[in-house]
Every structure is written in structure tokens, then in C-alpha cells.
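Dear colleague,

Please find below the sequence and the structure that I am handing over to you. My findings follow directly after them.

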Amino acid sequence: MQLRAPELTDARLEALAGELAERCRASGALFVVNDRVAVAASVGAGAHVGQADDPGAAREILHPTAVLWVSVSATGEARAVEDAGADHLGVTVWA
């Protein structure tokens, strides 16, 4: 499950993410917070970051076992973010 709520403040997002993280852990579901790595880390969740973000910096904030999901659009980007600590890739292809 990915939580995307850019309109929420960090405090409101953290409250919601904490509740969802607990439910996902209880059911064995993967849970990531979109774009707000510090919030994800505070609730023990994984994080999703975009192409303009630094996956190495995100990895440093997250717990070592937390999932880091990174969006890419080229093979070279995929290799670079994997080297920086990404666990999963979101691939965008423009035709």
C-alpha cells in the first residue's frame, strides 16, 4: 500500500501513516509513504521517492530494513538508484 497525501501537514500525515503502518504490519502488507521519507521513518514504514529525489539520502533516513521504492524512466537511472539503496523501482515509460 502506498500513502500519497501531499495536501496533509507532516503531523497529520504522520498520524494517518502510523495507523496504516500498524494495520499493514498486522496483515503482512507492504506499506510505503510517498515523498515524505522522515514521516515514513518515524512510523517504521518504507518510502517512495521520485526521480528528482536523492535515493541515497532517503536510504540514510530510513531503517536499514525499510523498503525504498524509487521511480525511474531509464535503464541507467535504474542501475544508479539500485546502487544508492533502492529495493524496488517504479518505471515510467513515455512513448
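Five strands form an open sheet with parallel pairing, in the order S1-S2-S3-S4-S5. Strands here are DSSP runs of E with at least two residues, helices are runs of H or I with at least four, and both are numbered from the N terminus; two strands pair if DSSP finds at least two bridges between them. At the edges lie S1 (2-3) and S5 (88-91), each of which pairs on one side only.

This is a predicted model, in which local features need pLDDT of at least 70 and side-chain atom pairs count only at pLDDT 80 or more, while totals for chains, interfaces and linings use all residues. Residues are numbered from 1 along each chain as its sequence is written, and side-chain values use heavy atoms, with hydrogens and water left out.

Within the sheet, S2 (residues 32-34) runs parallel to S3 and is joined to S3 by three bridges, with Val 32 opposite Gly 46. Three bridges also link S3 and S4 in the parallel sense, and His 48 stands opposite Trp 69 in S4. The chain passes from S3 through helix H3 (residues 55-61) to S4 in a right-handed β-α-β crossover, that is, one whose path from the first strand over the helix to the second runs clockwise when the strands point away from the viewer. S2, helix H2 (residues 37-42) and S3 likewise make a right-handed β-α-β unit.

S4 (residues 68-72) and S5 pair in the parallel sense over four bridges; Val 70 has Leu 89 in S5 as its bridge partner.

In a regular strand the side chains alternate between the two faces of the sheet. In S3 (residues 46-49), Gly 46 and His 48 point one way and Ala 47 and Val 49 the other, and all are buried (under 20% relative accessible area; exposed is over 50% and partly exposed in between, with a 1.4 Å probe and protein chains only).

The largest nonpolar core has 26 residues, and those with the most contacts inside it include Leu 3, Leu 13, Phe 31 and Val 70. Such a core is a set of buried Ala, Val, Leu, Ile, Met, Phe, Trp, Tyr and Cys residues joined through side-chain atoms within 4.5 Å. H1 gives the most to this core, with five residues.

Finally, Ser 27 is found in H1 (residues 10-27) and counts as exposed because its relative accessibility is 57%.

With kind regards
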